[in-house]
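Open the model in your viewer and keep the selection panel at hand. We will go from one stop to the next, with a note on what to select each time.

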Amino acid sequence: MTALAPDRSAPPASQAADAPLLVYDGDCGFCARSVQFVLGHDRRGTLQFAARDGLAGRALRERHPEFRGVESLLWVERRGDREVVYAYSDAVLQTAQYLGGVYGLLAAVGGFVPRALRDPVYNLIARVRKRLFGGASACRLPSPDESARMLP
């Protein structure tokens with residue numbers, strides 16, 4: 001897997017320094033349902049979430065201008081003083097690996113599939129997601145514990 005754009009700047013003040021961050025399209029029903037799925041399967045309870053167009057998502061894109069026009073889920077983690085960002089199918093694999101269990105196994109298997117095959121499938125789903133799943137207006141509200149993990 002390829003990580004992009006190490007950065008020595010600190011994460012936003014509201015983001016825990018050691019917590020991974022999942023940046024998603026907050027206007028997308030498929031993305032919102034995916035976040036709900038991850039919340040429901042996150043046994044560690046440390047993953048944080050940020051909408052791409054929210055304050056934390058915009059701050060991330062300011063620190064990593066190469067992601068400004070990218071229509072992708074982003075997985076962000078700190079490694080020492082570096083911020084590492086995964087996009088496209090790599091972000092999905094990182095998320096599945098984080099969830100562990102059968103999802104971690106699926107991530108391990110998926111990692112053997114070349115990115116040249118994985119990313120076109122990701123991009124196809126990304127292109128049709130809003131037409132198939134609509135906007136995020138009908139999504140359930142997060143619990144108070146889940147809300148605490150949602151960055152502005």
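## Stop one: the hairpin

Start by selecting Glu77, whose bridge partner in strand E4 is Val84. This is a predicted model, in which local features need pLDDT of at least 70 and side-chain atom pairs count only at pLDDT 80 or more, while totals for chains, interfaces and linings use all residues. Residues are numbered from 1 along each chain as its sequence is written, and side-chain values use heavy atoms, with hydrogens and water left out. Helices (H or I, at least four residues) and strands (E, at least two) are DSSP runs, numbered from the N terminus.

Now show all of E3 and E4: they pair in the antiparallel sense over 6 bridges. Two strands count as paired if DSSP finds at least two bridges between them. In the hairpin they form, 2 residues sit between the strands, and Gly80 there takes a positive phi near 65 degrees. Is E4 enclosed or open? Of its 6 residues, 5 are buried (under 20% relative accessible area, with exposed meaning over 50% and partly exposed in between; 1.4 Å probe, protein chains only), so E4 is largely enclosed by the rest of the structure.

Next, pick E1 (residues 21-24) and E3 (residues 74-79), which pair in the antiparallel sense over 3 bridges. Leu21 has Val76 as its bridge partner in E3.

## Stop three: the core

Select Leu47, Phe49 and Trp75, the residues with the most contacts inside the largest nonpolar core, which has 15 residues. Such a core is a set of buried Ala, Val, Leu, Ile, Met, Phe, Trp, Tyr and Cys residues joined through side-chain atoms within 4.5 Å. E1, helix H1 (29-41), E4 and H3 each supply at least two of its residues, and H1 gives the largest share, 4 residues.

Zoom in on Trp75. Leaving aside neighbours within four places in sequence, its contacts include Pro20, Leu47, Val85, Ala91 and Tyr98.

## Stop four: H3 and beyond

Stay with H3, which is mostly covered, with 9 of its 12 residues buried. Among them are Asp90, Leu93, Gln94 and Leu99.

Move on to helix H4 (residues 101-110), where Gly104, Ala107 and Gly110 are the buried residues. Looking down the axis of H4, they fall within an arc of 125 degrees, so they line one face of the helix; the arc is that of the directions from the helix axis to the C-beta atoms. On the other side of H4, Gly101, Leu105, Leu106 and Val109 are exposed.

Finish at Arg118, in helix H5 (residues 115-133). Arg118 is buried, at a relative accessible area of 12%. Beyond neighbours within four places in sequence, Arg118 is in contact with Ser89, Asp90, Leu93, Gly110 and Val113.

Technical notes
Contact means heavy atoms within 4.5 Å.
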